[in-house]
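Here is a quick tour of a protein model for anyone just starting out. Have the structure open while you read, and take the topics one by one.

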Amino acid sequence: MDNNIFSVELAHWLIQASYFIAAILFIYGLKKMSHPRTARSGIIWAGVGMVVATLITYLEPAMHNYLLMTTAIGVGGIIAWWSGRRVAMTDMPQMIALYNGMGGGSAAAIAAVELLRVLNGAGLTHEAFAARELAVVGALIGTIAFSGSLIAFAKLQGIMRKVYRFPGQQIVNALLFVALIGLGFMLARTEFSSTEFYLFFGLALLVGVLMTVPIGGADMPVVISLYNALTGLAVGLEGFVLQNPAMMIAGIVVGSAGTLLTQLMARAMNRPISNVLFSGFGTGDDGGEGMEISGSMKAINASDAAITMAYAEKVIIIPGYGMAVAQAQHKIWELVKLLIEKGVKVSFAIHPVAGRMPGHMNVLLAEAGVPYDLIYDLEDINSQFPTTDVALVIGANDVVNPAARKDKSSPIYGMPILDADKARNVVIIKRGQGTGFSGIENLLFFEENTRMCYGDAQDVAQKLIAGVKAV
Amino acid sequence: MEGFIALYIFMLAAFTGYEVISKVPTILHTPLMSGSNFVHGIVLVGAMVALGHADTMAEQIIGFIAVLLGAGNAVGGYVVTERMLEMFKSTKENG
């Protein structure tokens with residue numbers, strides 16, 4: 001008997017110590033992930049924390065269903081492993097959305113189990129401070145993050161292309177939300193029936209869908225980041241319900257970090273988060289009138305552009321989403337290596353929202369083998385443009401549009417941009433003559449020192465390589 | 001007091017998350033979002049506890065889904081983050 005008490009106490013101590021170590025490893029790992037040189041070891045440390053926490057949870061007292069548990073971990077883990085390994089780097093953002101949705105769904109399902117226990121009269125697993133209220137709030141946030149993330153995934157994956165909007169949508173959303181708060185109150189405070197239980201989760205799923213369907217693809221990164229923060233918060237809240245310190249700390253840390261990250265992204269796009277969620281920008285239908293445009297676009301062929309760059313002293317390359325779509329990053333890196341051999345000083349300038357997510361372009365360049373010390377952020381490189389011979393813009397548009405500095409009537413006025421127009425020569429690689437996702441005319445294309453090089457980024461890069469080799 | 005301890009944990013964890021992220025270069029925003037997506041995969045642990053205490057059929061089904069989704073979050077989040085960070089090298093390391 002004594003022996004048994006001792007082993008229960010030992011198990012309890014081991015569990016608490018392991019959760020403590022896991023929490024330290026998560027924070028330490030995130031810290032390491034915030035510097036390029038140590039980032040790789042950061043994810044490994046956090047991974048160790050996850051394995052420790054998962055294994056020790058098997059020792060939790062008074063549990064059953066071990067076979068179901070292990071089967072679910074095996075099936076979920078293997079499917080996620082397989083899908084995560086085979087996805088292309090350009091498709092990473094939607095995979096983050098998908099795995100994030102799973103996390104939100106899991107947090108909501110935990111809350112659902114707890115509330116079902118209340119419904120069946122068994123009571124919560126742990127009677128902690130405000131546990132039932134927190135379970136309901138976590139359920140609401142987690143469910144919205146779940147269905148919202150799945151829609152974001154479907155949109156970026158191209159399964160759902162259309163932007164769905166109907167008149168009075170915001171009023172419908174607001175009414176649904178009020179209904180959810182009422183139902184949530186019933187679940188948290190009163191003796192509820194299974195009808196209220198199912199209605200609550202059904203409506204929360206619907207709200208997540210309705211919130212996300214009107215948002216255009218261009219704003220998706222901000223939305224995914226927001227749902228990431230919401231999932232973190234939901235996980236943290238369910239941690240308080242289950243009195244699990246590892247969940248509390250990891251969840252809340254991600255919740256606040258994700259909120260800051262969302263703000264940074266929205267600020268880089270010069271769009272308050274409320275605009276992203278409620279205005280329907282990024283759908284391409286509110287291209288502003290803009291300033292009178294003087295001048296015309298002047299074309300250049302690839303071999304002339306290649307010669308200009310080969311004889312330059314300093315070249316800055318500005319990649320955008322067009323480069324990613326054309327998968328041109330490998331060819332561009334080949335071109336840059338040739339230029340460096342010829343003694344040209346080449347650097348890459350990355351706008352905070354280049355690509356589909358902040359940092360996405362860095363990932364794509366890294367995949368092609370571009371060392372990160374050639375890659376510069378907006379604040380670090382903008383002073384360099386006046387002394388640069390050639391600024392090569394590849395599939396980027398709004399992030400180099402001087403209208404953001406000059407034209408007060410432009411919808412992007414005030415957005416920080418890369419000052420490519422200040423370089424001596426600007427070469428733009430672009431598919432056609434149309435506008436970017438925002439539908440705004442780019443003043444840069446009409447500048448005196450700008451030349452347009454039309455064509456698929458990959459083909460043009462190939463021609464540039466041939467041109468530089470021929471010099 | 002118990003409620004206040006929960007509040008203290010909440011407050012300190014929130015500041016920690018803010019501090020850890022505030023000095024991050026843009027270059028790492030996507031990997032870091034992915035990394036924090038992995039970290040909230042700790043929900044798996046809670047899902048295991050919930051399933052471990054599930055008694056009725058409905059509780060077991062929903063608990064099973066919770067563990068399945070939690071494992072997907074943790075494993076998928078790890079794999080994509082690791083793949084992204086694997087590629088960060090400096091000029092020197094490239095030789």
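In which loop of chain A is A:Gln327 found? A:Gln327 lies in the loop between helix H12 (321-325) and helix H13 (329-341) of chain A. Keep in mind that this is a predicted model.

**Chain A as a whole**

- Chain A contains 17 helices and six strands.
- Its C-alpha trace spans about 85 × 55 × 35 Å along the principal axes.
- Chain A has 471 residues, and 57% of them count as buried.
- Take the contacts in chain A with a separation of 6 or more: residues 24 or more positions apart account for 77% of them.

**The nonpolar cores**

- Some background first: in soluble globular proteins, nonpolar side chains tend to be buried together.
- In this model the largest nonpolar core has 163 residues.
- Those with the most contacts inside that core are A:Phe200, A:Ile317, A:Ile332, A:Phe348, A:Leu464 and B:Ile42.
- Helix H4 (residues 92-119) of chain A gives the most to this core, with 17 residues.
- There is also a second, separate core of 27 residues, and A:Leu378, A:Ile381, A:Phe446 and A:Met452 are among them.
- Back to A:Phe348: leaving out residues up to four places away in sequence, A:Phe348 touches residues including A:Ile317, A:Pro319, A:Ile332, A:Leu365 and A:Tyr376.

**Helix H2 of chain B and its two partners from chain A**

- When two helices pack, they are described by the angle between their axes and the distance between the axes.
- The axes of H4(A) and helix H2 (residues 29-39) of chain B come within 10 Å and cross at roughly 20 degrees.
- Angles under 35 degrees count as roughly parallel, so H4(A) and H2(B) are roughly parallel to each other.
- Their crossing is left-handed.
- On the H4(A) side the contact is made by A:Ile96, A:Tyr99 and A:Asn100, and on the H2(B) side by B:Thr30, B:Met33, B:Ser34 and B:Asn37.
- Sorted by type, the residues of this contact are three nonpolar, four polar and no charged.
- Helix H8 (residues 220-242) of chain A packs on H2(B) at an angle of about 30 degrees, and the axes are 10 Å apart.
- That angle makes H8(A) roughly parallel to H2(B).
- The crossing of H8(A) and H2(B) is left-handed.
- Here A:Pro221, A:Ile224, A:Ser225 and A:Asn228 of H8(A) meet B:Met33, B:Ser36 and B:Asn37 of H2(B).
- This contact divides into three nonpolar, four polar and no charged residues.

- A:Pro319 sits in strand S1 (residues 314-319) of chain A.
- Is A:Pro319 buried or exposed? A:Pro319 is buried, because its relative accessible area is 1%.
- Apart from neighbours within four places in sequence, A:Pro319 is in contact with residues including A:Phe348, A:Ala349, A:Met361 and A:Ile394.
- A:Asn65 is in the loop between helix H2 (39-57) and helix H3 (66-86) of chain A.
- Phi of A:Asn65 is near 60 degrees, which is a positive value in a residue other than glycine.
- A:Asn65 has a relative accessible area of 15%, so A:Asn65 is buried.
- A:Gln327, from the opening question, has phi near 55 degrees, a positive value in a residue other than glycine.
- With a relative accessible area of 35%, A:Gln327 is partly exposed.

Note on methods. Residues are numbered from 1 along each chain as its sequence is written. Chains are lettered from A and ligands numbered from 1 in the order in which they are written. This is a predicted model: local features need pLDDT of at least 70, side-chain atom pairs count only at pLDDT 80 or more; totals for chains, interfaces and linings use all residues. Side-chain values use heavy atoms; hydrogens and water are left out. A nonpolar core is a set of buried Ala, Val, Leu, Ile, Met, Phe, Trp, Tyr and Cys residues joined through side-chain atoms within 4.5 Å. Buried means under 20% relative accessible area, exposed over 50%, partly exposed in between (1.4 Å probe, protein chains only). Helices (H or I, at least four residues) and strands (E, at least two) are DSSP runs, numbered from the N terminus. Contact means heavy atoms within 4.5 Å. Axes are lines fitted to C-alpha atoms, for helices over the stretch in contact, and angles run from 0 to 180 degrees between N-to-C directions. Angles under 35 degrees count as roughly parallel, over 145 as roughly antiparallel, 65 to 115 as roughly perpendicular and the rest as oblique. A crossing is left-handed if the near helix is turned anticlockwise from the far one by less than a right angle, and right-handed if clockwise. Ala, Val, Leu, Ile, Met, Phe, Trp, Tyr, Cys and Pro count as nonpolar, Asp, Glu, Lys and Arg as charged, and the others, Gly among them, as polar.
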